Amino acid sequence: MNRETMMTVAKSIIIIVILLAVVFALKAPAADLNIFSDDVKGEYVDSSGLPYFSEMDSYYNLRLTEDYVDHGFVGDEIVNGSEWDMHRFAPTGNQVNYELGIVYVTSFLHSIFGDHSVKEIAFWTGAVISTLAVIPAFIFARRLTNDYGAIVATVIIVLAPNYFAHTFPGFFDTDMFYYIWSLFFIFFFVETIRAKNIILKVIFAILSIISIGLFSQSWTGYIFYIGIMGIFSVAYLVVCYVFNIGEDNQDEYSNKLMWFIRQNDFLSIVLLGVIGFVGLGIFQGIGGVTGLFGSLTGLLSLQSASRSIGGFPNVLVSVAEMQMPSLLGSGMTSAFLANTNGVVNGMGGIAVLFAGLTVLYVLIKRVLKLRETRVKTPGTVTKKPPKGKRTASAKKIDNDLKLKLNLGNFDFGSTDELLTSKRLTALYATLFVVWVVLTALAVSRGSRFITTIVLPFGLMAGIFVGLATDYIKNKLNDDRWLIAIAVLCGFLAAVPLAQINVIFGILLFVAIVAFALITVYGIKNVASQKVPLKKYVIIIAIVIALITPSICGAYQTSENVVPGTSDAMWNSMKWINENTANDTVITSWWDFGYLFEIAADRQVTFDGGSQSGDRAFWLGQAMTTSDLQLSAGIFRMLDSTGTMAQTELINYTGDSGKATDILIDILPKTASDAKNDLVSKYHLTQDQANTVVNYTHPDKVRPVIFVASSDMLQKAGWWTYFGAWNFENQTSKNYNYYVPTQQVEVKPGSTGKLAILNDQGMTVNTVITRGTGNNTTSGYTEAVYTENGQQIMINDTPYNPLNISHIIVIEDGYIMKNESVGDVKDANFTLFLMGNNNQYTPILISNELRNSMFTQLYLLGGAGQNIFENVHVENGVMLFNVNFNNTVAGGASGSSTGNTTGNATT
């Protein structure tokens, strides 16, 4: 290795080290919770001072890792040779079927840094591991472009908003591995095709399969990349066949097909297929390899077009990451920002999209010109250039490693250059077209897949910088164009920085333009200088314009991290751990299930990985109904026997809707009455009725704690959607609580006003009035124009989409008023006013939820009934013990479930 080659390698290593430091420095502040003041920050850190994790999946991964460190396997038990998790999916638990790469890596790090707890190691693991994506990103990009382009591609990829938002300290999930293994897999895959030496081909193929094998141990989505490269392989072979791309002369073979199967590219892909089958068989087993196609189609079908599965609502429609993303976020400057608000924002902004599409256009155009080009025979000898114009050997190596594209010249040169360029153009054009098309399809299935489309666009943005560098150095000599580019780049860089600090944004714009003006008009060109300084300034300006949105977006993300929970929820779970029996089941909506499992060390009804349409229906039904007997019956059934009764009834009736109707009817009743109804009313046999009732009214009933929390108010639209599911027409409706973000002070004898909804220029206010006497508080809603506050009128009639027909007033913990407000046209809501020490919180409730179980428990504190006992309260969290003995099904003659007056605790 000569000196210049060593310098090239050393330079790349230095750049990688600097990028590693920069990326980690941007992630680290997330641990400081800078969004909070010091007096508030304490609510979001645990007893050791470590912030709570930022989302609930982290707690599942943490629990599995702690299991592995503690007893050598994940889960709680070994059942028939399989690891079984008894914290999930009451009452049976479920088999652990999960990619454990995150567990193994974190356990290994813990073995090295044993002085720190598993939780501390896990807190930082995502940030550390994800930062290492700099290495494959830079290597891959540098293979295609120059240093400037490689830096741009690496920054765009590693700081991609949707990736960065899942890989800062406190986010402990499998996303950390995503870019590392996917980039290595595709890079080595392509290198296998490009390599001319058979030994190198085998080495690269093995490295590619090892990468995808390790990926398969880290994230289910590895299958997607096998699909991408499989389709790419077929497409590339077709392109090679159609455009006659190969090393040998076709005239030497009997026919074109015989020529084609002897070519390097065909043999490379066959080699990848063989090594891939063997390698993945080692990682996944033969069954896992043969089932790849079905797994791939299943992955792309995660967001089913159907709203139901097996008659029950499809729970995936409520998962935020599975919603169709917007193309752009809102606001005039959104296109220039990098954030998670839209697909373009997730790529790094409009400049990255433009750069990527430009390169894609150039590649496609060159491929289309291939047939117009006459290929010289391999034996043609190319004359050497004059000695003074020859390129150094190290430079030749570097140039040979890059994809040769030039905006100013679409013609092919010498034979070697032609063959190399023709082959590489077809190779990378096919790769990027397939990559972009398939990732765009994936993005249409949900916002979680935005991270997939960043990779091709990030790499193409890097290639764009290489193209721009060559063009500016060799073709662009008009100073006016140089200044115009500088102004544009200054604007593109200044806009995202101005979102952080306007002054800084203005200064950056001025600096870029000023440097351009000085170097263009203030500094004379030196004759001995091959490339004038002014051109380097413009190239650097392009680099800054492309990476500034991603850097600013990453900075804003780190500075605004809010943990996924707080002391209130964690302490509530610790109360359960210390004050309930070990076989107690925690039931609530699925969002916090993972946290419940690790903090309370109790089994849950369902969580973020075991949510299903039928359990979502039953939990939604339990919270939406006004019949607390039914709510308790649902919990008794689900948490003691699961959905076995439902399964049996569906087998008997062949109709999931009819099966649920039967269960809703019999769950509140005694076991004997339920049996009689099943036989006489629903025409089951005695044996069938006995079987069903054994599941709906089991002899051994497990203790249940219901968790009601403030976040469930905002999520009511979803749990009511599932709970109110219409099995006949397979549709449902959303019912909501409208909750303000603050309180309003209303003293006796005064009026207060607080916005409860802002929507497209309309504001709906709650108006609270207080007299000077007792029980004189009242309220109503009004709809006004947001801009001027004037009441909205339609045909001289006040318009209000949130008119109220009922009002509930709670003052100092007592229900003071619960009454109708009269005959109001199109009134579908109830106004709930909660006041204490002259501070009032208005909540607008869909009338369908006014007497719902959740309203009775969380908003009214469970007053006036004895089935759900309020056993613990924290800020925004209430725990209710389900007293099954106080239900009719539990042997009580009856119970009070109404709620009109009394004490309410929230």
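1. Thr766 has Thr781 of strand 13 as its bridge partner. The model is a predicted one. Strand 12, which covers residues 762-769, is joined to strand 13 by eight bridges, and the two run antiparallel.

2. These strands belong to an open sheet of three strands, ordered 11-12-13 and paired antiparallel. Its edges are strand 11 (751-759) and strand 13 (778-785), each of which pairs on one side only. On average, and with direction ignored, neighbouring strands of the sheet are turned by 25° against each other.

3. A helix pair comes next. Helix 25 (residues 613-624) and helix 28 (residues 656-666) cross at roughly 35°, and their axes come within 13 Å. The crossing of helix 25 and helix 28 is right-handed.

4. Which residues meet where helix 25 and helix 28 are in contact? From helix 25 there are Phe617, Trp618 and Gln621, and from helix 28 there are Thr660, Leu663 and Ile664. By class, the residues of this contact are four nonpolar, two polar and no charged.

5. The last point concerns a loop residue. Thr887 sits in the loop between strand 21 (877-882) and strand 22 (902-903). Is Thr887 buried or exposed? Its relative accessible area is 1%, so Thr887 counts as buried, the cut-off being under 20%.

6. A polar atom of the Thr887 side chain lies 2.6 Å from the backbone oxygen of Phe884. With neighbours within four places in sequence left aside, Thr887 is in contact with Gln629, Ala632, Arg636, Ile867 and Ala892.

Note on methods
Residues numbered from 1 in each chain as written. Predicted model: local features only at pLDDT ≥ 70, side-chain atom pairs only at ≥ 80, totals over all residues. Heavy atoms only, no water. Pairing = 2+ DSSP bridges. Helix = DSSP H or I, 4+ residues; strand = E, 2+ residues; numbered from the N terminus. Axes fitted to C-alpha atoms, helices over the stretch in contact; angles between N-to-C directions. Left-handed = near helix turned anticlockwise from the far one by under 90°. Contact = heavy atoms within 4.5 Å. Nonpolar A, V, L, I, M, F, W, Y, C, P; charged D, E, K, R; others polar. Buried < 20%, exposed > 50% of the residue type's maximum accessible area, 1.4 Å probe, protein only. Polar contact = N/O pair within 3.5 Å; in protein donor to acceptor, adjacent residues only side chain to side chain.
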